[in-house]
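Reader: Hi, I'm new to this one. Can you put it up and walk me through it?
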Amino acid sequence: MNKKPLLNSAEARRLAKEHGTPLYVYRKNIIQKAFRLLHGSIPFPRTKVFYACKANAHAGILKVLKQEGACIEAVSIGEVRAALSAGFPASRISYTCSNISLEELLAVMKTGVRVHLDSLNQIAWWGEAKPNSKISIRVNRGFGAGENPHIVTGGKESKFGIYYTDLPEAIRIASRYRLKIVGLQQHIGSNIFDPHTYLKGVRLMLSTATRFPELEFVDFGGGFGIPYRPEQKPLDVRRLGNETAAIFSEFCRNRGKTLELAIEPGRYLVAEAGALLAQVVDIKKTPGHTFVGINTGFNHLIRPAFYGSYHHVFNLSNPKGRNELVNIVGNICESSDFFVKRRALPKARLRDLLLFADAGAYGYAMSSDYNLREKPKEILI
Ligand SMILES: Cc1ncc(COP(=O)(O)O)c(C=O)c1O
């Protein structure tokens, strides 16, 4: 697949002039398109899409997704509050988090959002505070997947959820407090491409779900991948959606009850809708290496330094320039501050505008003011 830049050169120049760089730019219509495609790919009547707003909690993006009919998946009390202030009612927000304090759990409980309890302790705390109520639990089915080991969230080595061999104990604790387990949730990992991998997670979860007679919903989490590299094929969401719906429909038929099917996409809805625009501010050479220095750093887009992730780069000022093997590096005082290592790109010159593609998810959301450099601006167009 040939990647297209989110902005053309004239737009980039205009936005850079108006807002300065570095600048995160998000396109509303791409978010809408992704939401409609994913939601429309699951032919099951009671499907709910919870946007995992950890990917990008920009208020304008929350508003767009609210209008589309999305719900919100939050992983902190801060995200719950962001969703509430964006106008999502508590009934359209879910929360799951590992290693939280009793105080945070009680604060979230007060908001009335759907909570997926993540440990045996959390079940007991909930039962003490609110016996006789309905709960949902996050399950680690012993299976995880993801683009790289840093983003796998299931399996023995993962801290997330209640490991499935502990479920009998979870049921005992719940019954001690007369809690009804009405929901199960899992999230096996992120940037998954192979529908079979996701479907394996779905099947495993449903084999566990048979032990829970009072279920009202099952939430299969997020993890839907996007093609960061030009040679990657997009995830076949239609196939994934059809098969998930078929498996879940059969499960519901066997139960004689139509449960709710929930998913929690983050990256899939916003990654391709966003890009980071930056400017070349310095160029250096050492024997065998060219370093293109830009006015941003890993504090603004950490994925390459953190996970070795790939972001496609467009030189919008010199798109037809002769290819040069370069490293693109930032202005943070760390040698791991790089965006690109030894990649052939059109020759970069001082003041050229570079666009980092697919930066709408886990870009600004993971940014910091490390080195006391301000966070970048963001705009939604
Ligand atoms: C509980 C939970 N749900 C959903 C997601 C969204 O994942 P993704 O952005 O890969 O769809 C995450 C991300 O790690 C998560 O932790």
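**Around the ligand**

Author: The shell around the ligand divides into seven nonpolar, nine polar and four charged residues. Here Ala, Val, Leu, Ile, Met, Phe, Trp, Tyr, Cys and Pro count as nonpolar, Asp, Glu, Lys and Arg as charged, and the others, Gly among them, as polar.

Reader: Which of the 20 residues around the ligand come nearest?

Author: Ala52, Ser190, Gly222, Gly266 and Arg267. A residue is near a molecule if its C-beta atom, placed from the backbone, lies within 6 Å of it.

Reader: Where does the model come from, and how do I read the numbers?

Author: This is a predicted model: local features need pLDDT of at least 70, side-chain atom pairs count only at pLDDT 80 or more, and totals for chains, interfaces and linings use all residues. Numbering starts from 1 along each chain as its sequence is written.

Reader: New topic. What domains does the assignment give?

Author: Domain 1 (9-24 + 271-380) and domain 2 (28-270). Such bounds come from an automatic or database domain assignment. The C-alpha centres of domain 1 and domain 2 lie 33 Å apart.

Reader: How many residues does the contact take from each domain?

Author: It takes 17 residues from domain 1 and 20 residues from domain 2. Two residues are in contact if their C-beta atoms, placed from the backbone, lie within 7 Å. On the domain 1 side, nine are nonpolar, five polar and three charged.

Reader: Now helices. How do α2 and α3 cross?

Author: The axes of α2 (residues 28-40) and α3 (residues 59-68) come within 10 Å and cross at roughly 40°. Helices are DSSP runs (H or I, at least four residues), numbered from the N terminus. Axes are lines fitted to C-alpha atoms over the stretch in contact, with angles from 0 to 180 degrees between N-to-C directions.

Reader: Why call α2 and α3 oblique?

Author: Because of that angle, α2 and α3 are oblique to each other. Under 35 degrees counts as roughly parallel, over 145 as roughly antiparallel, 65 to 115 as roughly perpendicular and the rest as oblique.

Reader: Which residues make the contact?

Author: Lys28, Ile31, Gln32 and Phe35 of α2, with Ile61, Val64, Leu65 and Glu68 of α3. By class, five are nonpolar, one polar and two charged.

Reader: And α5 with α6?

Author: The axes of α5 (residues 102-111) and α6 (residues 120-129) come within 11 Å and cross at roughly 55°. Leu102, Leu105, Leu106 and Met109 in α5 meet Gln122, Trp125, Trp126 and Ala129 in α6. That contact has seven nonpolar, one polar and no charged residues.

Definitions and conventions. Helix = DSSP H or I, 4+ residues; strand = E, 2+ residues; numbered from the N terminus.
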